[in-house]
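Here is a walk through one protein model. Start with the rule below, then follow the chain from its overall make-up to single residues.

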Amino acid sequence: MSSMPPKPVSTKSPGSFRWVICGLLFFSVAVNYIDRNIIGILKMDLSRELGWSEQDYSHVASAFQLAYAFGYLLGGRFIDWLGVKKGLPWFVGLWSIAAAAHGLVEFIPVDKQVSIPWLSAAAAFSVPATVFGFMSARVLLGLTEGGNFPGAIKAVAEWYPVKERALATGIFNAGTNVGAVICPLAVPWIYSHLGWSMTFYITGGLGILWLVAWWLLYESPEKHKRLSPAELAYIRSGPHPEEDTMEKVPWLSLLAYRPVWAYLVASWLAGPVWGIYMFYFPDFMSKTFGLDTKAAGGYTALFYLFASVGGIAGGWLASHFLGKGWTVNKARKITLLVCALAVVPICLAPHVSVPIVAVLIVGLAGSAHQGWSANLFSVVSDTMPKKAISSTVGLGGFICFLTGAVVAETIGVVLEKTGSYSLIFATASLLYLISLAAVHLLVPVIGQSTARPEAP
């Protein structure tokens, strides 16, 4: 007697607990961005109180990005080794300590100078001691914040079917903008009442609250007591990249995958643009329109509010296309193209005369960047073996923020010489289209077949 065929897994979601996990990831990213964005909001005030030049501030910004590059690289590796449940809270706890440590710089004399030996031998590199203090704190922050996104991407790959990954990524990635909206609204008030050092102490403490929620709510899907068998089956339904049976994925072995090269090139070209918004948008608004810290903070909050829409919209658009029966390849690339085209008008922002118009233009570009990121992250989980996802994201982040450190130093030079953001925004306007062309050339068809090791 023949056995009955297995019942097909329903494509309709039988539960929603996975979105609680997405909420945890959302808030970790929000805290992450509050801690890193304070420096941009307080740029004018810190420069005035501590006597910093444009290049002094650029050294602080580039120190974070350089450290974040290595933190991202090692963070992804650490998450793949230890797992999301144990790895991610370690990073959140350590970066919260690093964020609060910025406030200790208040005890350094303003007129003291420090030479950095490994640079001064060749270039007599000397900075104010307060700059060195902030650089040190930013290095600690960058190294420890680097595990957040690789961990979150890995959690999404574990907790969501392919068709929902871009949407889930877009939602948690919107935490960057919510944190960045809260930051320019709250930080000027805290600074005006309590000073800049206390501002860092207070915001650094937010991560402790998140740790409590994480330990109460998070577990892997197979072990989670609040996840129904039906929802677990739904999470595991649909196509998956081929499983990797190796315990470890050597970094050099990743370079045999064409999708890795596509991700690295896009991270190198378009990834650093977000650093321009994060570290320089308040300054752009102040310099271009003569705004004070509070006014620039309000416009910065508005910018991030606009940008928060993009990550969710970009994830939704790809999911919508997939729901209509489009292939993963077509849905991802058309969505990436829409995002790339939306960035192009940013070249006009330095030339408008009304602040709100500049915010709308740059906000559209920031929104597009978030939609771009949500889908680019999802390309990794669409194409790579599960055990290699965080390592791949970490490697791309390393390239992105290593380049970002160079970009920050370059921006400092450009601003010292020209006092204008025109050249900076004009360059940024084209980088996404170039990145998409590279992605298409390296991965003509996104799908399971691209997960086979192939040299580019």
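A residue counts as buried when its relative accessible area is under 20%, and as exposed when that value is over 50%. Keep that cut-off in mind. Lys43 has a relative accessible area of 5%, so Lys43 is buried.

The model is predicted. The protein has 456 residues, and buried residues make up 58% of them. Its secondary structure comes to 19 helices and 2 strands. Consider the contacts with a separation of 6 or more: 84% of these join residues 24 or more positions apart.

Now return to Lys43. Which residue does the side chain of Lys43 meet in a salt bridge at 3.2 Å, N to O? The partner is Asp283. Lys43 sits in helix H2, while Asp283 sits in helix H14, residues 273–289. The two are 240 residues apart, and the pair links distant parts of the chain. Asp283 is buried, as is Lys43.

Lys43 also forms a salt bridge with Glu54. Here the closest N and O atoms are 3.2 Å apart. Glu54 belongs to helix H3 (residues 54–82), and Lys43 to helix H2 (residues 43–50). This pair is 11 residues apart. Is Glu54 buried or exposed? Glu54 counts as buried, because its relative accessibility is 15%. The bridges share partners, and Lys43, Glu54, Asp283 and Lys287 are joined by them into one network.

How many salt bridges does the whole structure hold? The search finds 8. One of them pairs Arg36 with Glu145, with 3.1 Å between the closest N and O atoms. This bridge links helix H1 (residues 18–41), which holds Arg36, to helix H6 (residues 129–145), which holds Glu145. The partners are 109 residues apart. Both are buried.

Next, look at how two helices pack. Helix H13 covers residues 258–269, and helix H19 covers residues 422–442. Their axes come within 9 Å and cross at roughly 170 degrees. An angle over 145 degrees counts as roughly antiparallel, so H13 is roughly antiparallel to H19. Which residues of H13 meet H19? They are Arg258, Trp261, Ala262, Val265, Ala266 and Leu269. On the H19 side, the residues are Leu431, Ile434, Ser435, Ala438, Val439, Leu441 and Leu442. The residues of this contact divide into 11 nonpolar, 1 polar and 1 charged.

The nonpolar theme continues in the core. The largest nonpolar core has 128 residues. Those with the most contacts inside it are Phe134, Phe172, Tyr280, Phe284, Val362 and Trp372. Take Trp372. Leaving aside neighbours within four places in sequence, Trp372 is in contact with Ala266, Ala270, Leu336, Cys339, Ala340, Tyr432, Ser435 and Leu436.

Finish at Ala157, in helix H7 (residues 148–159). Ala157 is buried, because its relative accessible area is 5%. Beyond its neighbours within four places in sequence, Ala157 is in contact with Arg165, Arg236 and Ile389. How far apart are Ala157 and Asp382 in sequence and in space? They are 225 residues apart in sequence and 9.1 Å apart in space, C-alpha to C-alpha.

Technical notes. Residues are numbered from 1 along each chain as its sequence is written. This is a predicted model: local features need pLDDT of at least 70, side-chain atom pairs count only at pLDDT 80 or more; totals for chains, interfaces and linings use all residues. Side-chain values use heavy atoms; hydrogens and water are left out. Axes are lines fitted to C-alpha atoms, for helices over the stretch in contact, and angles run from 0 to 180 degrees between N-to-C directions. Helices (H or I, at least four residues) and strands (E, at least two) are DSSP runs, numbered from the N terminus. Angles under 35 degrees count as roughly parallel, over 145 as roughly antiparallel, 65 to 115 as roughly perpendicular and the rest as oblique. Contact means heavy atoms within 4.5 Å. Ala, Val, Leu, Ile, Met, Phe, Trp, Tyr, Cys and Pro count as nonpolar, Asp, Glu, Lys and Arg as charged, and the others, Gly among them, as polar. A nonpolar core is a set of buried Ala, Val, Leu, Ile, Met, Phe, Trp, Tyr and Cys residues joined through side-chain atoms within 4.5 Å. Buried means under 20% relative accessible area, exposed over 50%, partly exposed in between (1.4 Å probe, protein chains only). A salt bridge is a side-chain nitrogen of Lys or Arg within 4 Å of a carboxyl oxygen of Asp or Glu.
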